[in-house]
Amino acid sequence: MQTTPDLQKNAVVTYARFLLRWRWAAIALALVVTVVAAYGAKNLGFASDYRVFFGDDNPQLAAYEELQKVYTKDDSILIVLKPKSGDVFTPELLRGIQDLTAKAWKTPFSSRVDSLTNFQHSHAEEDDLIVEDLVQKSNPLRQSDLTQVRHIALTEPLLKHRLISPDGTTTAINITLNLPQKELTEIPSAMTYARALVEEFRIAHPDTHVALTGMVPLNSAFFEASMTDMSTLIPLMYGVLLLVTFFMLRSISGTAVTLIVIGLSAVTAMGIGGWLNIQLTPPSAVAPTVILTIAIADSIHILVTLFSAMRAGMGKYDAIVESLRVNFGPVFLTSLTTIVGFLSLNFSDSPPFGDLGNITAAGVTAAWFFSVLLLPALMAILPVRIKARAATDVTFMDKLANFVILRRRILLAGTVALVVGLGVMVPQNMLNDQFVQYFDKSVPFRADSDFTADNLSGMYQLQWSLPATEAGGVNDPVYLGKISAFSDWLRVQPGVDNVLTVSDIFKRLNKNMHGDDPAMYRMPEDRNLSAQFLLLYEMSLPYGLDLNNQINVDKSAVRLVATTENFTTNDLKALDQRASLWLKQNFSTQHLEASGPVMMFTFITERNIQSMLIGTTVALLLISLILMVALRSFKLGLISLVPNLVPVIMTFGVWAIFVGQVDVAATIVTATSLGVVVDATVHFLSKYLRAQREKHLNTEDAVRYAFANVGVALFATSLILIAGFAVLTWSTFRLNASMGQLTALAIAAALLADFLLLPALLLTIDKRRKAKASTENADPALIAAE
């Protein structure tokens, strides 16, 4: 094998020649590495618990876990029923609800079932307190019975907007589960049974609309979104990459090798994820899609240079060696900066994003390994036909370079004005994380939750544990009065649908024990009397319907639950702040905050922004240091920061104009996009420096050289990256869709910055004396040919 005279005999050239000589061994090595890594995929599992979105040190999670240790766990499945007749109170439907309630007790891990029919209604019969199901099983339902049941249900504060709508058109059955959280099959088994129940009810009552929502269906939706994304996005991604890659390369062998490299990279990364015992979640489940997108850049740069060298008349083997010589350093550097960007996701307060970063970092590492080992070996074996191009041909990139050089001042001023204008819009983005809206409207959980919010109530619940001064203190009339006052205050707050509070039970019991006199619907005035009423009531309750979900064991605290509309994050925070202020002024001097899953999701974006500010700063500093060392230029290292930061500013400025809301996914985009967009800057600057240091070109000619030698590859890889991340828009999980849209915008902005802003900056700041080379080198065709 012969080499051209201008090939440098350096370590990369030696490696390239060695690789081509032992190409079959290189292919075998790549396959062995893939198999060993992929074997770890057997350890992969899918997490189906919303708690995985919160780190162990998350204060909202800690508060909620503490709450669940004191009271009955309240993971639930809510079955919502709305008859087409518009009336829940019919004999047929009430009997159907009774039957469905009885069967719901058999749901795996169920600990309680609450419905309209088994609501424990209390009333007086002479001197006796009667506690019984609101709808009796044995008695026939006469019209008078239906009228009475309707009246009680629609006036009972514990039922209205919780298990019955105020207009009596919609009702619900709430199944409370006590999940051990030991096996991944717990939630799927519960949901399988619940869905079978719902389907059976639909068949028996075809004129009733049935919806399934609650925290357990939410968990299941996370799992199903992961599976859906993996089964639909990966094939779609492969199709997009196949079309775009072939369009850009115009080579069957090049396209095939590229797809092999990125496919093995994704498989290797997922296998490594298995070896690390990572449990997949919707964010981490899109890692293969992200890897397929990012991994392709290395192959494209190597192949574009290879084909360019062959068009200039170089033999295939020589072209492979030349391509590795030119691209080995930049490809390694871009892979390293991308890895740094994704590893910074470990700073995220939400572990699934850390998992996404780790899996993707492993995939980028694998992509670099296969690109410099497997790809050259395969290209050496496969037939490659490239048509030679005349050295005098002027390409689009040559024209673009001359345009940028001629209009440098206008472009610099224009892009700066654009960045400043969009930067002003960035603060207009509002934080909002509504977990119901994490899912596309095509997802059954989202559709059923929206239906429930429209017809019954929202599914957001704020929970408070309100302590008494001592054990048994819940019977203190003063304490109960404060609980009642807080409940009344909550009920008049905008958007609060229902307040579940024991104060309503005490009021009803006081009325019952005074001959059901409506005037006595108020708190007992004596502590001993309150204790007697409560004891008598609890002794009358059937198994599973006790008050452990509202009162702790030693009766020193109660849990109060406010159900609200599906509020925005800001509305929930405002309500929590107002409630905390009321409690401090009227209940206790200690700071009492709301808890529950909704509060955990309310603060996740804010907490993630704080943690990712640290992660992004660390990534930015590391990437900047890497670039300065690799480029051997402090000045160019600083210049490189501009086209790397500008895309993020432009992206969130555009997002503020067209969307205006950012969620937890948006908080990681700065770190991930930083690792991706820096690739184009690195490749452009590496070619620019090569022109100055090896060919002794001046600044203008070095810019021409960079455009001529890497412009097509940058355009191709950027187009592929944009198309790849745009595929995530099809995800049914909105966080993934948002991340894809934002990253695609950032890459598009980066292409603009690297083709217009970066050259203009170099031409303005990096001025050099006239080069020693002859002026003919300024001819773009000659520069491209060198």
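Visitor: Where is Gln 550 placed, and what makes that place a loop between named elements?
Guide: Gln 550 sits in the loop between helix H18 (527-540) and E12. Helices (H or I, at least four residues) and strands (E, at least two) are DSSP runs, numbered from the N terminus. This is a predicted model, in which local features need pLDDT of at least 70 and side-chain atom pairs count only at pLDDT 80 or more, while totals for chains, interfaces and linings use all residues. Residues are numbered from 1 along each chain as its sequence is written, and side-chain values use heavy atoms, with hydrogens and water left out.

Visitor: Why is Gln 550 called buried?
Guide: Buried means under 20% relative accessible area, exposed over 50%, and partly exposed in between (1.4 Å probe, protein chains only). Gln 550 has a relative accessible area of 5%, and therefore counts as buried.

Visitor: What does Gln 550 touch?
Guide: Contact means heavy atoms within 4.5 Å. Leaving out residues up to four places away in sequence, Gln 550 touches Tyr 71, Leu 500, Thr 501, Val 502, Ile 505, Ala 557, Val 558 and Arg 559.

Visitor: How do you know which strands are paired in the sheet of E10, E11 and E12?
Guide: Two strands pair if DSSP finds at least two bridges between them. Eight bridges join E10 to strand E12 (residues 557-564), and four bridges join E11 to E12. The open sheet has the order E10-E12-E11, with antiparallel pairing.

Visitor: What makes E10 and E11 edge strands?
Guide: Strand E10 (460-467) and strand E11 (496-500) each have a single partner strand, so one side of each has no neighbour in the sheet. Neighbouring strands here are turned by 20° against each other on average, direction ignored.

Visitor: Which residues stand opposite residues of E12?
Guide: Trp 464 stands opposite Leu 560 in E12, and Val 499 stands opposite Ala 562 in E12.

Visitor: Why is E11 called mostly covered?
Guide: Five of the five residues of E11 are buried.

Visitor: Which helix lies across this sheet, and at what angle to E10?
Guide: Helix H19 (residues 569-586) lies across E10, E11 and E12, running at about 15° to E10. Axes are lines fitted to C-alpha atoms, for helices over the stretch in contact, and angles run from 0 to 180 degrees between N-to-C directions.

Visitor: How many bridges does E2 have with E6 and with E7?
Guide: E2 pairs with strand E6 (residues 171-177) over seven bridges, and with strand E7 (residues 208-213) over six bridges. Leu 81 stands opposite Thr 171 in E6 and opposite Val 210 in E7.

Visitor: Why is E2 called largely enclosed?
Guide: Of the nine residues of strand E2 (residues 75-83), eight are buried, so E2 is largely enclosed by the rest of the structure.

Visitor: Why are H4 and H6 called roughly antiparallel?
Guide: Angles under 35 degrees count as roughly parallel, over 145 as roughly antiparallel, 65 to 115 as roughly perpendicular and the rest as oblique. The axes of helix H4 (residues 91-104) and helix H6 (residues 186-204) come within 11 Å and cross at roughly 160°. H4 and H6 are therefore roughly antiparallel.

Visitor: Which residues of H4 and H6 meet, and of what kinds are they?
Guide: Leu 93, Gly 96, Ile 97, Leu 100, Lys 103 and Ala 104 in H4 meet Tyr 193, Leu 197, Glu 200 and Phe 201 in H6. These residues divide into seven nonpolar, one polar and two charged. Ala, Val, Leu, Ile, Met, Phe, Trp, Tyr, Cys and Pro count as nonpolar, Asp, Glu, Lys and Arg as charged, and the others, Gly among them, as polar.

Visitor: Why does Val 244 count as buried?
Guide: Val 244, found in helix H7 (residues 215-249), has 15% relative accessibility and therefore counts as buried.
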